[in-house]
Amino acid sequence: MMSDTEHRDDRFYLTRKAHALGLRASFLQSLRRRFAALDFLEVETPVRVPSPAPEEHIEALPAGDWFLQTSPELGMKRLIAAGFPRIFQICKCFRAGERGARHLPEFTLLEWYVAGFDYRDLMDQCEALLIAVLKEMGHDRHLVWQNRRLTLTAPWERVTVADAFARYAPVKLEKALADQQFDEMLTEHVEPRLGCDRPTFLYDYPAPMAALARVKKSDPSVAERFELYIAGLEIANGFSELTDAAEQRQRFEEALRVRARKNWAPYRMPEKFLDALAVMPDAAGIALGIDRMVMLLAAASSIDDVVAFPPETL
Amino acid sequence: MYTASDLRKGLRLKIDSDPYVITEFNFVKPGKGQALYRCRLKNMLNGSQFERTFRSVDVFEPADLREKKMQYLYKEGDKYCFMDNENYEQVYLSEDQVGDAVNFMTDNIEVEILLFEDRPIGLSLPNFVELVVTESEPWAKGDTVSGATKPVKVQTGYTILVPTFITEGEKIRIDTRTGEYLTRVKG
């Protein structure tokens, strides 16, 4: 992160950012061309919403009586339920209290949804799409970030959460969960090792760690959810969508109880979304952090370096 | 009390009855997971350091630290004596507590004594001090390359690099934060 004094002169620091801002623009243009070629419809759903998805660890910012979206997920699934088969959106999302070298409270997400897909189909599509876009941007085979040289050619690595813990963490997944140390172990021991030779999909998350994902039929202890890591950076989160409205309502109620215990703002139950979920076809969806991808493209170590104005400069 | 969202580099906390300063700070959070606050903490009494990861539910006690202007009087054994000019009370710091500040401390200089729960634990100097050059190698004539420097000794015994035109007996201004020469003081 840059110091306050460095922010004083717009012209000075924005000139230094010109390269990253240019890469951001090219990346967005390339993504849009790709999605158009795949016959996706670009959509816009409201940024200000009355009832965000209740999640245990994501807090929305209030906007009047409503809230700013933490992701466009609920609106986009209503579109899938209404019969739009392939949709994508690039939009601003807001999460209270998230600020660090890789976090901005206002950031840019790309989300896309495909009717009829499950999470495996989506991993394949994500891989093919990013390889094509990276190639168009001059990264034919390799990418270097923070002294790590990655191979980009297919196939990318796929590893289950349980295997990744066995490989990299000092304790097994079961023990980390029992000790309530999952996030600590993941961020300290597992994440930094993921995607360092080539991009890695971490998949099959413990079922309680997937608020809106479908549980795997062959193994109900895990959810059909994945995350994409590149050079240790968390880039994208996707899953087979839960389409059971009753189960989704139960999970939301549980999340609301946990939130209440933390004195977080109460949300109204997203009833219109639950109505839509009851008729939604099987589908898979993914959210990808645009700012983090631009960090990789621009060889930037801080997310501040890839946006024109971090909040502290406003 | 502080909450986790108050944590940042430079914040001073009380942990297990000792004052600590956060020397490194990282916010980490898996997208769907909980926020974690990874800190490197330095004990302000003995300098020992450790890393700890906090959660958003954690709360912290601020360290009761304040600074008070005092005057340096003299060194006695391995203790440095300072006086509070308001109440003439005297306090002592050890060599470890004074540290590198000794390089810039002249008799009667005014410093900020750092107090933890009213006990003196360290000091901070003015950003700039003026000291007299007491020893200087003769300046080799003809060495007029601009930016050329030579080592000299100042009245505290500290050795510092200065431009070659500085001579013994002159007064120079020094930045105590970097320990570097700033300018010659005329007079």
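This is a predicted model: local features need pLDDT of at least 70, side-chain atom pairs count only at pLDDT 80 or more; totals for chains, interfaces and linings use all residues.
Let's start with chain B, where 5 strands make up an open sheet. Reading across, the order is 9-8-7-10-11, and the pairing is antiparallel. At the edges you'll find strand 9 (90–94) and strand 11 (119–124) of chain B, each of which pairs on one side only. Neighbouring strands in this sheet are turned by 45° against each other on average, if you ignore direction.

For a look inside this sheet, pick strand 7 (residues 65–76) and strand 10 (residues 110–116) of chain B. They run antiparallel and are joined by 7 bridges. To find your bearings, go to E67(B): its bridge partner in strand 10 of chain B is L114(B).

## A sheet in chain A

Chain A has an open sheet of 3 strands, in the order 2-4-3 and again with antiparallel pairing. Strand 2 (48–49) and strand 3 (62–63) of chain A sit at the edges; each has a single partner strand, so one side of each has no neighbour in the sheet.

Strand 3 of chain A pairs with strand 4 (residues 66–68) of chain A over 2 bridges, in the antiparallel sense. Here P62(A) has F67(A) as its bridge partner in strand 4 of chain A.

Still in chain A, helix 4 (residues 161–168) packs with helix 6 at an angle of about 60°, and the axes are 10 Å apart. With angles of 65 to 115 degrees counting as roughly perpendicular and those under 35 as roughly parallel, helix 4 and helix 6 of chain A are therefore oblique to each other. Their crossing is left-handed.

Keep helix 6 of chain A in mind, as this helix turns up in the lining of the largest pocket and in that of the largest cavity.

## The largest pocket

How big is the largest pocket? Its volume is about 1300 Å³. The lining takes in 40 residues, and those nearest the centre are E56(A), H57(A), V258(A), K262(A) and Q34(B).

Two elements give two or more residues to this lining: helix 6 (182–190) and helix 7 (245–261) of chain A. Helix 7 of chain A gives the most, with 5 residues. Sorted by class, the pocket lining has 19 nonpolar, 9 polar and 12 charged residues.

Searching the whole structure turns up 1 cavity of 30 Å³ or more. The largest cavity has a volume of about 60 Å³. It is lined by 14 residues, and the closest to its centre are L186(A), Y205(A), R225(A), P30(B) and G33(B).

Which elements each supply at least two residues of the cavity lining? They are helix 6 and strand 12 (219–230) of chain A. By class, the lining of this cavity has 6 nonpolar, 2 polar and 6 charged residues.

Two loops are worth a stop. A154(A) and P155(A) are joined by a cis peptide bond, with omega at about 0°. You'll find P155(A) in the loop between strand 8 (148–151) and strand 9 (157–160) of chain A.

The other stop is D39(A), which has a positive phi of about 65° even though it isn't a glycine. D39(A) lies in the loop between helix 1 (10–37) and strand 1 (41–42) of chain A.

Definitions and conventions: Residues are numbered from 1 along each chain as its sequence is written. Chains are lettered from A and ligands numbered from 1 in the order in which they are written. Side-chain values use heavy atoms; hydrogens and water are left out. Two strands pair if DSSP finds at least two bridges between them. Helices (H or I, at least four residues) and strands (E, at least two) are DSSP runs, numbered from the N terminus. Axes are lines fitted to C-alpha atoms, for helices over the stretch in contact, and angles run from 0 to 180 degrees between N-to-C directions. On a 1 Å grid over the protein atoms alone, a cavity is a set of points where a 1.4 Å probe fits but cannot get out, and a pocket is an open set with protein on both sides within 12 Å along at least five of seven lines; lining residues have an atom within 4 Å of a point. Grid points are joined across faces, edges and corners, and a volume is the space filled by probe spheres set on the points. Ala, Val, Leu, Ile, Met, Phe, Trp, Tyr, Cys and Pro count as nonpolar, Asp, Glu, Lys and Arg as charged, and the others, Gly among them, as polar. Angles under 35 degrees count as roughly parallel, over 145 as roughly antiparallel, 65 to 115 as roughly perpendicular and the rest as oblique. A crossing is left-handed if the near helix is turned anticlockwise from the far one by less than a right angle, and right-handed if clockwise.
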